[in-house]
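Colleague: Could you take me through the reading of a protein model, one feature after another? I would like the general idea each time, and then the case at hand.

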Amino acid sequence: ESGGELGVNLIVGGVDAHTNKAHLVALHPHGSMDVVPYAALGSGGLAAMGVLESRYRKGMTLEQGKALVIQAITA
């Protein structure tokens, strides 16, 4: 029983209204956070991260990004 306390990992994304730039942040159970270009969690997270780390390129188009996400999810 957790006693009401949980340790969780979160991935939070959004767009800065002032700069119109997208941001992705990984929040860790111990309270730290990392601003990252990509992230994956869960039971398939290691396989997905392997795909993302080897195939992600800065400046990808939206269509290239969508295709990469599909590859990561199905890894």
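Modeller: What follows takes up the sheet, an aromatic pair, a salt bridge and a helix packing.
This is a predicted model, in which local features need pLDDT of at least 70 and side-chain atom pairs count only at pLDDT 80 or more, while totals for chains, interfaces and linings use all residues. Residues are numbered from 1 along each chain as its sequence is written, and side-chain values use heavy atoms, with hydrogens and water left out.

Colleague: In what order do the strands of the open sheet lie?

Modeller: Strands of a sheet pair through backbone hydrogen bonds, in a parallel or an antiparallel way. Here strands (DSSP runs of E, at least two residues, numbered from the N terminus) count as paired if DSSP finds at least two bridges between them. The open sheet has three strands in the order S1-S2-S3, with antiparallel pairing, and its edge strands are S1 and S3, each of which pairs on one side only. Six bridges join S1 (residues 10-15) to S2 (residues 22-27), where Leu10 stands opposite Leu27, whereas three bridges join S2 to S3, where Val25 stands opposite Val35. S1 and S2 form a hairpin with six residues between them, and Asn20 in the turn has a positive phi of about 60°.

Colleague: Which residues form the aromatic pair, and how are their planes set?

Modeller: A pair of aromatic rings is described by the distance of the centres and the angle of the planes. Rings of Phe, Tyr and Trp (its six-membered ring) pair if their centres lie within 6.5 Å, and planes under 30 degrees apart count as stacked, over 60 as edge-to-face and the rest as tilted. The count comes to one aromatic pair: Tyr38 and Tyr56 are tilted, at 5.1 Å centre to centre and 55° between the planes. Tyr38 lies in the loop between S3 (33-35) and helix H1 (45-55), and Tyr56 in the loop between H1 and helix H2 (62-73), so the pair ties together parts that are 18 residues apart in sequence.

Colleague: Which side chains meet in a salt bridge?

Modeller: Side chains of opposite charge can pair when their charged atoms come close. With the criterion of a side-chain nitrogen of Lys or Arg within 4 Å of a carboxyl oxygen of Asp or Glu, the count comes to one salt bridge, in which Lys66 and Glu63 meet at 3.6 Å, N to O. Being three residues apart in helix H2, Lys66 and Glu63 are separated by about one helical turn.

Colleague: Which residues of H1 meet H2?

Modeller: Helices are DSSP runs of H or I, at least four residues, and contact means heavy atoms within 4.5 Å. Ala48, Val51, Leu52 and Arg55 in H1 meet Leu68, Gln71 and Ala72 in H2.
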